[in-house]
Amino acid sequence: MEVLYNSTRSKGKPVTASQAILKGLSEDGGLFVPDHIPALDKSLRELSAMDYRQVAYEVMKLYLTDFSEEELSDCIRKAYDEKFDTEVIAPLVEAQGVYYLELFHGSTIAFKDMALSILPHLLTTSARKNQIENEIVILTATSGDTGKAALAGFAGVKGTRIVVFYPKDGVSPIQEKQMVTQKGDNTLVVGIHGNFDDAQTGVKRIFSDREFARELDGKGFQFSSANSINIGRLVPQICYYVYAYAQLLKEGRIEDGEKINVVVPTGNFGNILAAFYAKNMGLPIDRLICASNENKVLYDFFRTGVYDKNREFVLTTSPSMDILISSNLERLIYGIAGGSADKNRELMEALGTEGRYEIDGAMREKLADFYGNFASEQETAAEIARLYRACGYVLDTHTAVASAVYQKYRKETGDLKTTVIASTASPFKFTRSVMNAIDAAKYDAMEDFALVDELSAIANVKVPRAIEEIRTAPVVHDHQCEVSGMKDVVRDFLGIR
Ligand SMILES: *Cc1c(COP(=O)(O)O)cnc(C)c1O
């Protein structure tokens, strides 16, 4: 059955999956949502005999219904290949009776690779399907991580170019090195003289510049975004929850149909929303445990029904979760509002003007699948140390937030169901925080790469390729510009000046 996509903010004409991927965001500012959640059409047993790519196909075909079998398989084959350092793609590792679903085996050792390795192929296929002959130009502003994952995904993909702007003095030395060593003729990395907001505002300005868009169109280019609200990033994230369940079943850890809990370290609410979609497709998931760091807007929301971003922004050791507006939550709000675009728009407008909104009792009742809690900085560090001492397994800071929240959940509820924790980054990506959590006195004075080697030794894990590369790779991007010069930089890169 065909799945079409509606905007969360108005009742316009629905679009196809490929159109939704191309547009990213609806013209009314809403997010695209499927008009119904399709049910899995293979049994859990059948899925348990499949490898990652096969499971990905079985899930994605149900959402991207205007893609042919060949088109979708081709995208999947190009995405989940040797870029990943394990054929399994997303290994499930048991530690102290809990299953950690390692989503960090792609090129930038964080879970964004799961979606950003396939998005470029979904985009170029979507362009072809809609008779778009322009080259797709991705513009991104980054505070560090997303930029590198997008670069790695789009590098070398025919029919695309990617420009990443980052605040020259606003990312970590390792993050900068990761980006400026990016290979690929279709990539450009530029440090701007300004902060992340300046970069973001500059990109938005270029995006909404109609005259510039016309000029580009005349030269055979058009802009697109790799933003996390694109349905082409959400759908690939559903696959690994189905895969994780299938692996548990295959290994005899659970009975067919037995319910499991899923814990997700959350920022923009994309990853956990994917788990919610998986549940609604028929995957036997009981609770969806939403873990926040000290920026605990979501915890407060699940507890009180009030979403309020008017609060201090805390810089934590899990920076990818330092977020006060979880943009993907809008899809859930639209859902619990019974698919009412009017109701959802009202709430989102309140968020825009007052920075807060409150949902009613009927909507709150529909949140029973979710449990929210948070972990403080201290609790997060203690969880890394606890697990390491107990069994030698080392978590990154984001996963540790989830793991600490899960311990609270278990204590509070006594629920002992089999549990999968989404492990969103390699500890090597946040080496200093991780090592300080294990033994601050011993490691605090060590150099970054000495720490990397030490982590490798104590965890008994090989240093990932992504880290080895930045140790030795030559710098190939050294562009800088003023905020006012961003548009000219794009012109020069596309050779249209
Ligand atoms: C992006 C990110 C998250 C948060 O995921 P959302 O989908 O934004 O909720 C968690 N951990 C890591 C390491 C991330 O990069």
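**Ground rules**

I'm working with a predicted model in which local features need pLDDT of at least 70 and side-chain atom pairs count only at pLDDT 80 or more, while totals for chains, interfaces and linings use all residues. Residues are numbered from 1 along each chain as its sequence is written, and side-chain values use heavy atoms, with hydrogens and water left out.

My helices (H or I, at least four residues) and strands (E, at least two) are DSSP runs, numbered from the N terminus.

**Entry: α10 and α22**

I began with helix α10 (residues 210-218) and helix α22 (residues 486-494), whose axes come within 12 Å and cross at roughly 5°. That makes α10 roughly parallel to α22. For the record, axes are lines fitted to C-alpha atoms, for helices over the stretch in contact, and angles run from 0 to 180 degrees between N-to-C directions. Angles under 35 degrees count as roughly parallel, over 145 as roughly antiparallel, 65 to 115 as roughly perpendicular and the rest as oblique.

Which residues meet here? I found F212, E215 and L216 in α10 against K487, V490, R491 and L494 in α22, where contact means heavy atoms within 4.5 Å. By class, this contact has four nonpolar, no polar and three charged residues. Ala, Val, Leu, Ile, Met, Phe, Trp, Tyr, Cys and Pro count as nonpolar, Asp, Glu, Lys and Arg as charged, and the others, Gly among them, as polar.

I then looked at K487 again, and it lies over the face of F212, at 5.1 Å from the ring centre. A charge sits over a ring if NZ of Lys or CZ of Arg is within 6 Å of the ring centre and within 35 degrees of the ring normal. I noted K129 too: its charged end sits over the ring of F67, 5.7 Å from the centre.

G495 lies in the segment after α22. I have G495 down as exposed, with a relative accessible area of 60%. My cut-offs are under 20% relative accessible area for buried, over 50% for exposed and partly exposed in between (1.4 Å probe, protein chains only). The C-alpha atoms of G495 and K219 are separated by 9.6 Å, though the two residues are 276 apart along the chain.

**Entry: α17 and α18**

Next I took helix α17 (residues 377-391) and α18, which pack at an angle of about 90° with their axes 8 Å apart. That makes α17 roughly perpendicular to α18. On the α17 side I listed E379, T380, E383, I384 and R386; on the α18 side, T397, A400, V401, S403, A404, Q407 and K408. These residues divide into four nonpolar, four polar and four charged.

**Entry: aromatic rings**

How many aromatic pairs does a search of the whole structure find? I got 19. Rings of Phe, Tyr and Trp (its six-membered ring) pair if their centres lie within 6.5 Å; planes under 30 degrees apart count as stacked, over 60 as edge-to-face and the rest as tilted.

Y80 and F84 form a tilted pair, 5.7 Å centre to centre with 50° between the planes. Both Y80 and F84 are buried.

Y371 and Y409 have ring centres 4.8 Å apart and planes at 70°, so I logged that pair as edge-to-face. This pair links distant parts of the chain, with Y371 in strand β13 (residues 370-374) and Y409 in helix α18 (residues 397-413), 38 residues apart. Y371 is buried at 9% relative accessible area, and Y409 is buried at 1%.

I also noted one aromatic cluster, formed by F269, F276, F301, F302, Y307, Y357 and F370.

Is helix α14 (residues 329-336) mostly covered or mostly open? Mostly covered, I found: seven of its eight residues are buried. I wrote them down as L329, E330, R331, L332, I333, Y334 and I336. G338 follows α14 and has a positive phi, near 70°.

Q247 lies in helix α11 (residues 231-250) and counts as buried at 9% relative accessibility. Leaving aside neighbours within four places in sequence, I see Q247 in contact with M50 and L92.

**Entry: positive phi in two glutamines**

Q96 is not a glycine, yet its phi is positive, about 55°. I placed Q96 in the loop between β3 (92-95) and β4 (98-102), and at 45% relative accessibility it counts as partly exposed.

Q131 is not a glycine either and has a positive phi of about 55°. Q131 lies in the loop between α6 (119-129) and β5 (135-141), and I have it as exposed at 66% relative accessibility.
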